[in-house]
Amino acid sequence: MSGEGLALLAALFYGLAGVAIIKGKPAARGDNGVFLSVLMTAGVSAALWLFQGQTGLSELGSPDALEPLTVFVAAGLFSMVLGRTTMYRATEQIGPVATSLLRRLSPVFALPLALVFLAEVPRWWTVLGVALVIGAVMLHIGRPTLKPDRSIGIGWLLGIGSAAFYAVSYTLRSHGLDLLPDAALGTFIGALAGLVWLLSAVAVGSERGARLRRLLKDRGPWHLLTAVTLSAGQICQFYALQSAPVVVVATLGSLEVFFAALLSAAIMRGPHMRTGPIWGPAALAALGTALLIW
């Protein structure tokens, strides 16, 4: 499958994950499956690397591997820890559709990062596409998909922050793959870095045992579905970056908002969800996406 196809598949997985996060929240007793999702990503990517990875264990000890491994670790921290955690919290507060649309700011952040670090010079229609994506996000911010709540404002900030963190991770992953073209290894290293970070955070302070058990409490069907879909989306995006530019991968993810809206309408029927107002901003975001990948 092409890089563009993998990026589209990742968007479908992320759209489903957003809905699963909301469905799992009422039964959550811990972190609503954040740790479980990182753990599953590490396990699946490790298996992929062992069975079809292009880098052997002996090569990891060479001096040439130090820089790409460091880059993969940094990408993992921005994606698995900062990006994923803020995405979870934003989804819980403003819903999967709104969070998906806010994540469309990722290409906006990715453009200058790719220009500076990867020498990807944007064309005029790319700049126009960025402007349309920004306009779609600003239009949607005025019309939340959930009933007003005190946490809505924080939810918007978390959603925008998640987009920025993921943009940094896209850039780092692409750079790491230029140095060491092994997507399975890169995903595994990033997930492993996320696991170490989360476990280290639990180990600091008092009541370490209770806090560790809290990481493992949420293992219900919706938490498992979230973990599976986030892991699949993460891996698909990493493989997509092997053959597609950073901005293309980031902007194709804009279709996540359509998947989230359709799945929300099908799975989360009820008076608290209003997916109708999403279509205008989503169409504008789709037009911006088309220009960005033209």
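A residue counts as buried when its relative accessible area is under 20%. Keep that cut-off in mind as you explore this predicted model.

**First stop: helix 11.** Select residues 221-240, which form helix 11. Is this helix mostly covered or mostly uncovered? Colour by accessibility and you will find it mostly covered, with 14 of its 20 residues buried.

The model holds 4 aromatic pairs. For one of them, select tryptophan 49 and phenylalanine 188: the ring centres are 5.9 Å apart and the planes meet at 20 degrees, so this pair is stacked. Tryptophan 49 belongs to helix 2 (residues 34-52) and phenylalanine 188 to helix 9 (residues 183-203), so the pair ties together parts that lie 139 residues apart in sequence. Tryptophan 49 is buried, at 9% relative accessible area, and phenylalanine 188 is buried too, at 17%.

Next, select phenylalanine 78 and phenylalanine 165. Their ring centres are 6.4 Å apart with planes at 45 degrees, so this pair is tilted. Which helices does the pair tie together? Phenylalanine 78 sits in helix 4 (residues 66-94) and phenylalanine 165 in helix 8 (residues 152-179), so parts 87 residues apart in sequence are linked here.

Technical notes
Residues are numbered from 1 along each chain as its sequence is written. This is a predicted model: local features need pLDDT of at least 70, side-chain atom pairs count only at pLDDT 80 or more; totals for chains, interfaces and linings use all residues. Side-chain values use heavy atoms; hydrogens and water are left out. Rings of Phe, Tyr and Trp (its six-membered ring) pair if their centres lie within 6.5 Å; planes under 30 degrees apart count as stacked, over 60 as edge-to-face and the rest as tilted. Helices (H or I, at least four residues) and strands (E, at least two) are DSSP runs, numbered from the N terminus. Buried means under 20% relative accessible area, exposed over 50%, partly exposed in between (1.4 Å probe, protein chains only). The expected span of a helix is 1.5 Å times one less than its number of residues.
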